[in-house]
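Subject: Structure handover and findings

Dear colleague,

Please find the structure below, followed by notes on what was found in it.

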Amino acid sequence: MVTIRTLRVEEVDATTNTINRLLQQLRPGVDRVGAAGIAEELKDPKHVQLFVVEDKTKKGEDAIVGMATVIYFWKLTRPQVEIHDVVLAEAYRGQGIGRQLMERVIASVRARAQIEKKQINIKLTSRPERVAGNALYQKMGFTMVAKAEPGERGTNLYELKITPR
């Protein structure tokens, strides 16, 4: 059984190795991030949230099996959101958990749109070879606004507009 929640600053020291292991699955060879850097980013949840997928049948660092980083910022006229580092451990893929993670992230942004009483545009990128991820984003209503050509180094850009109700 998995749960999805936001990581708290006080948990960073105990989870940094897992975060780095997940980032390596997403981008092999990426530089390690330190606990101090992660903690600094998470200090203000109005600007950055790290959602984690936690397997309740596991203990310690092994319990975190996926994540997504959500960055909130303001443009001149409205709030914006970027989603980065969406990744699940390979053993957890293909089970609908990625969808659950994205639903939780979108629900959080939707709640923020209600508070701000403004439309929030969510943007995210995904490399074309991440076929399942690209398909998931489109199924969830994201519109592809820029497409990377096959074989070129680049990413597809997606956008989802969240309006307050």
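I begin with the second largest pocket. Its lining has 16 residues, and those nearest its centre are Val-33, Ile-38, Glu-41, Thr-69 and Asp-85. Two or more lining residues come from each of helix 1 (12-26), helix 2 (35-42), strand 2 (48-55) and strand 3 (64-74). Helix 2 is the biggest contributor to the lining of this second largest pocket, with four residues. By type, the lining of the second largest pocket has 10 nonpolar, two polar and four charged residues. The volume of the second largest pocket is about 270 Å³.

Please keep in mind that this is a predicted model. The average pLDDT of the chain is 92, and 99% of the residues score at least 70. Confidence in the chain is lowest in helix 2, where the mean is 90, and helix 2 is also the element that gives the most to the lining of the second largest pocket. The highest confidence is in strand 7 (residues 156-162), at 97.

Asp-85, one of the residues nearest the centre of the second largest pocket, sits in strand 4 (residues 79-88). Its backbone is worth a look: phi of Asp-85 is near 55°, a positive value in a residue other than glycine. Most residues other than glycine have a negative phi. Is Asp-85 buried or exposed? Asp-85 counts as buried because its relative accessibility is 19%, and the cut-off for buried is under 20%.

Lys-117 also has a phi near 55°, again a positive value in a residue other than glycine. The place of Lys-117 is the loop between helix 3 and strand 5 (120-126). With a relative accessibility of 65%, Lys-117 counts as exposed.

Next, the largest pocket. The space in the largest pocket comes to about 710 Å³. Its lining is made of 29 residues, with Val-86, Val-87, Arg-130, Gly-133 and Tyr-137 nearest the centre. At least two lining residues come from each of strand 4, helix 3, strand 5 and helix 4 (131-139). Which element gives the most to the lining of the largest pocket? Strand 4 does, with six residues. The lining of the largest pocket divides into 14 nonpolar, nine polar and six charged residues.

Arg-130, one of the residues nearest the centre of the largest pocket, is placed in the loop between strand 5 and helix 4. Arg-130 counts as partly exposed because its relative accessible area is 24%. Apart from neighbours within four places in sequence, Arg-130 contacts Gln-25, Leu-26 and Arg-27. The C-alpha atoms of Arg-130 and Leu-88 are separated by 12 Å, and these two residues are 42 residues apart along the chain.

The largest nonpolar core has 44 residues, and the members that touch the most others are Leu-7, Met-67, Val-81, Ile-83, Met-102, Ile-122 and Phe-142. Helix 3 (residues 97-116) supplies the largest share of this core, seven residues. In soluble globular proteins, nonpolar side chains tend to be buried together. With residues up to four places away in sequence left out, Phe-142 touches Ile-83, Met-102, Ile-106, Ile-122, Leu-124, Tyr-137, Tyr-158, Glu-159 and Leu-160. Among these contacts of Phe-142 is Tyr-137, which is also one of the residues nearest the centre of the largest pocket.

Gln-80 is another residue of strand 4. Its relative accessibility is 3%, so Gln-80 counts as buried. Not counting residues up to four places away in sequence, Gln-80 touches Ile-71, Tyr-72, Phe-73, Lys-75, Ile-120, Asn-121 and Lys-123.

Two further residues complete these notes. Ala-36 is in helix 2 and, at 64% relative accessibility, counts as exposed. Val-30 is in the loop between helix 1 and helix 2. Val-30 is partly exposed, at a relative accessible area of 26%.

Regards

Definitions and conventions
Residues numbered from 1 in each chain as written. Predicted model: local features only at pLDDT ≥ 70, side-chain atom pairs only at ≥ 80, totals over all residues. Heavy atoms only, no water. Core = buried A, V, L, I, M, F, W, Y, C linked by side-chain atoms within 4.5 Å. Buried < 20%, exposed > 50% of the residue type's maximum accessible area, 1.4 Å probe, protein only. Contact = heavy atoms within 4.5 Å. 1 Å grid on protein atoms, 1.4 Å probe; cavity = no way out; pocket = protein on both sides within 12 Å on 5 of 7 lines; lining within 4 Å. Points joined across faces, edges and corners; volume = space filled by probe spheres on them. Nonpolar A, V, L, I, M, F, W, Y, C, P; charged D, E, K, R; others polar. pLDDT = per-residue confidence, 0-100.
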